[in-house]
Amino acid sequence: MIDSSFLENLALRLYEEVRPLILDTMQLDILCDLIRMIKMEIIAGDVIKRSRRFIGVSFLDSFTSVIIPIILKLEEDIRERVLYIAHSYFDSTIKDYVPTTDDVNYPEKLYSKYENEEWLIEYYAQQRNKEVK
């Protein structure tokens with residue numbers, strides 16, 4: 001039987017190796033996929049349930065009691081990274097944005113883009129009239 005201190009050291013080593021990779025990642029889609037995988041596959045138990053057939057139950061229970069807190073900590077780090085990236089994007093791009101008159105005049109931009117498509121202009125006009133009524 002494997003000692004629990006060995007499992008704890010192994011889990012801690014996993015955390016120490018994976019965390020810098022997470023902190024270096026600037027791609028939101030990858031980070032969101034990692035969160036989804038952690039929630040759906042690992043925490044929801046799919047990986048653990050499938051592993052019960054191949055690994056002894058007592059080992060798996062001690063393994064999950066050690067690894068799940070580390071995985072949850074990784075998930076927390078990933079979520080913080082997503083918030084950091086979103087906040088950085090907001091500060092650098094959105095915060096100081098001042099819309100122009102063209103930006104605010106969105107329906108006209110839409111109509112001018114499709115001015116040769118008469119049926120589309122009528123469709124949008126009907127939709128807008130429905131919303132007003």
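Predicted model: local features only at pLDDT ≥ 70, side-chain atom pairs only at ≥ 80, totals over all residues.
## Burial and ground rules

Buried here means under 20% relative accessible area, exposed means over 50%, and partly exposed is anything in between (1.4 Å probe, protein chains only).

Residues are numbered from 1 along each chain as its sequence is written, and side-chain values use heavy atoms, with hydrogens and water left out.

Helices are DSSP runs (H or I, at least four residues), numbered from the N terminus. H1 has 21 residues and spans 31 Å from its first C-alpha to its last, close to the 30 Å expected; that expectation is 1.5 Å times one less than the number of residues. Leu7, Ala11, Tyr15 and Ile22 are buried in H1.

Tyrosine 84 sits in helix H4, residues 57-94.

## The loop at threonine 25

Threonine 25 lies in the loop between H1 (4-24) and H2 (28-43). At 18% relative accessibility, threonine 25 counts as buried. A polar atom of the threonine 25 side chain is 2.7 Å from the backbone oxygen of leucine 21. Leaving out residues up to four places away in sequence, threonine 25 touches Ile30, Leu31, Arg81 and Ile85, where contact means heavy atoms within 4.5 Å.

## Salt bridges

A salt bridge needs a side-chain nitrogen of Lys or Arg within 4 Å of a carboxyl oxygen of Asp or Glu, and the count comes to 7. One of them joins aspartate 77 and arginine 19 (3.0 Å, N to O). Aspartate 77 lies in H4 and arginine 19 in H1, so this pair ties together parts 58 residues apart in sequence. Aspartate 77 is buried at 2% relative accessibility, whereas arginine 19 is partly exposed at 30%.

Aspartate 77 also meets lysine 73 in a salt bridge (3.7 Å, N to O). Both lie in H4, 4 residues apart, about one turn of the helix. Arg19, Lys73, Glu76 and Asp77 are linked in a network of salt bridges.

Then there's glutamate 75 with lysine 39 (3.5 Å, N to O). Glutamate 75 lies in H4 and lysine 39 in H2, so the pair ties together parts 36 residues apart in sequence. Glutamate 75 is buried, at 5% relative accessibility, and lysine 39 is partly exposed, at 37%.

Conventions: Helix = DSSP H or I, 4+ residues; strand = E, 2+ residues; numbered from the N terminus. Polar contact = N/O pair within 3.5 Å; in protein donor to acceptor, adjacent residues only side chain to side chain.
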